[in-house]
Amino acid sequence: MSSTSVATAAMLAIGDELLSGRTKDKNIGQLADVLFLAGIDLKEVRIVGDDEDAIVEALNALRARYTYVFTSGGIGPTHDDITADAISKAFGVPCLHDPLAMQLLGAMYERRGVEFNEARQRMARMPQGAVHIENAVSTAPGFNIGNVYVMAGVPQVFTAMLGTIIPKLEGGVPMLSRSVASPFGEGDIGSALAAIQKNHPETSIGSYPRFSENRFSTEIVIRSREEAPAEAAERDIMAMIAEIAAGKAAS
């Protein structure tokens with residue numbers, strides 16, 4: 001990837017519990033925050049259940065489209081933890097008990113005086129040729145194969161694994177962010193804001209409605225990889241707000 005290229009990413013969150021609402025996902029927001037700071041654009045997030053064919057289909061689509069793909073969930077010891085099998089199938093390689101993972105987990109369970117049984121050994125399975133992602137929290141590693149990074153669904157473990165991955169990735173120029181508080185709702189500023197966005201294509205302008213004290217307002221966020229376009233867009237937005245205020249005062 002050249003220095004002028006923008007690295008892109010997608011996330012694939014895996015688990016029936018996410019789709020049923022039993023578990024509220026916290027990893028998407030964490031990943032988005034970390035990638036933003038690294039200058040990697042998170043472009044797409046998909047959630048799929050514990051279905052091998054669905055995981056394979058989604059993963060193959062995402063890994064062909066983006067620089068990096070991050071997955072969460074489905075690498076535990078139970079029968080429905082099928083992520084390693086699905087990733088292996090997507091890459092066309094066998095899913096094996098990794099010798100180093102077996103050693104790490106075996107030693108950990110021995111220290112705890114817990115049997116390293118067949119179910120727990122499932123956490124050592126990964127695609128042939130995969131590279132470990134260290135798990136400083138609970139030992140069981142994630143893994144990387146190709147441009148896919150496979151991590152646990154438990155937020156504390158996911159965050160720890162992510163911390164070991166990000167410094168090794170090739171990112172880009174981080175996004176700059178500016179925020180403008182508009183005292184007017186989106187209905188008042190929508191058309192003018194669309195025109196400003198069109199006039200400043202090097203920026204991304206988002207509007208986020210607020211409601212308090214029985215009135216609407218809007219937070220306008222300007223994102224750009226360069227300072228000058230963000231400043232120019234901010235000036236136009238401030239001028240827009242002033243113009244709307246003057247019009248309302250005169251009416």
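Predicted model: local features only at pLDDT ≥ 70, side-chain atom pairs only at ≥ 80, totals over all residues.

Trainee: How are two packed helices described?

Mentor: Two packed helices are described by the angle between their axes and the distance between the axes. Axes are lines fitted to C-alpha atoms, for helices over the stretch in contact, and angles run from 0 to 180 degrees between N-to-C directions. Helices (H or I, at least four residues) and strands (E, at least two) are DSSP runs, numbered from the N terminus.

Trainee: At what angle do helix 2 and helix 7 pack?

Mentor: Helix 2 (residues 27-38) and helix 7 (residues 155-165) make an angle of about 20 degrees, and their axes are 10 Å apart. They are therefore roughly parallel to each other; angles under 35 degrees count as roughly parallel, over 145 as roughly antiparallel, 65 to 115 as roughly perpendicular and the rest as oblique. Helix 2 and helix 7 cross in a right-handed way (left-handed if the near helix is turned anticlockwise from the far one by less than a right angle, right-handed if clockwise).

Trainee: Which residues of helix 2 and helix 7 meet?

Mentor: Asn27, Gln30, Leu31 and Val34 of helix 2 meet Pro155, Phe158, Thr159 and Leu162 of helix 7, where contact means heavy atoms within 4.5 Å. By class, this contact of helix 2 with helix 7 has five nonpolar, three polar and no charged residues. Ala, Val, Leu, Ile, Met, Phe, Trp, Tyr, Cys and Pro count as nonpolar, Asp, Glu, Lys and Arg as charged, and the others, Gly among them, as polar.

Trainee: How do helix 3 and helix 4 cross?

Mentor: The axes of helix 3 (residues 52-65) and helix 4 (residues 83-91) come within 9 Å and cross at roughly 50 degrees. Helix 3 and helix 4 are therefore oblique to each other, and the crossing is right-handed. Among the residues in contact are Ile55, Val56 and Leu59 of helix 3 and Ala86, Ile87 and Phe91 of helix 4. The contact of helix 3 with helix 4 divides into seven nonpolar, one polar and five charged residues.

Trainee: Which residues of helix 3 are buried?

Mentor: Buried means under 20% relative accessible area, exposed over 50%, partly exposed in between (1.4 Å probe, protein chains only). In helix 3, Ile55, Val56, Ala58, Leu59 and Leu62 are buried. Those buried residues pack against strand 1 (7-14), strand 2 (40-48), strand 3 (68-72), helix 4 and strand 8 (148-151).

Trainee: Is Thr8 buried or exposed?

Mentor: Thr8, in strand 1, counts as buried at 16% relative accessibility. Leaving aside neighbours within four places in sequence, the contacts of Thr8 include Ile40, Asp41 and Tyr68.

Trainee: What should I look for in phi?

Mentor: Most residues other than glycine have a negative phi. Thr139 has a positive phi, near 75 degrees. Thr139 lies in the loop between strand 6 (131-133) and strand 7 (142-145) and is partly exposed, at 21% relative accessibility.

Notes. Residues numbered from 1 in each chain as written. Heavy atoms only, no water.
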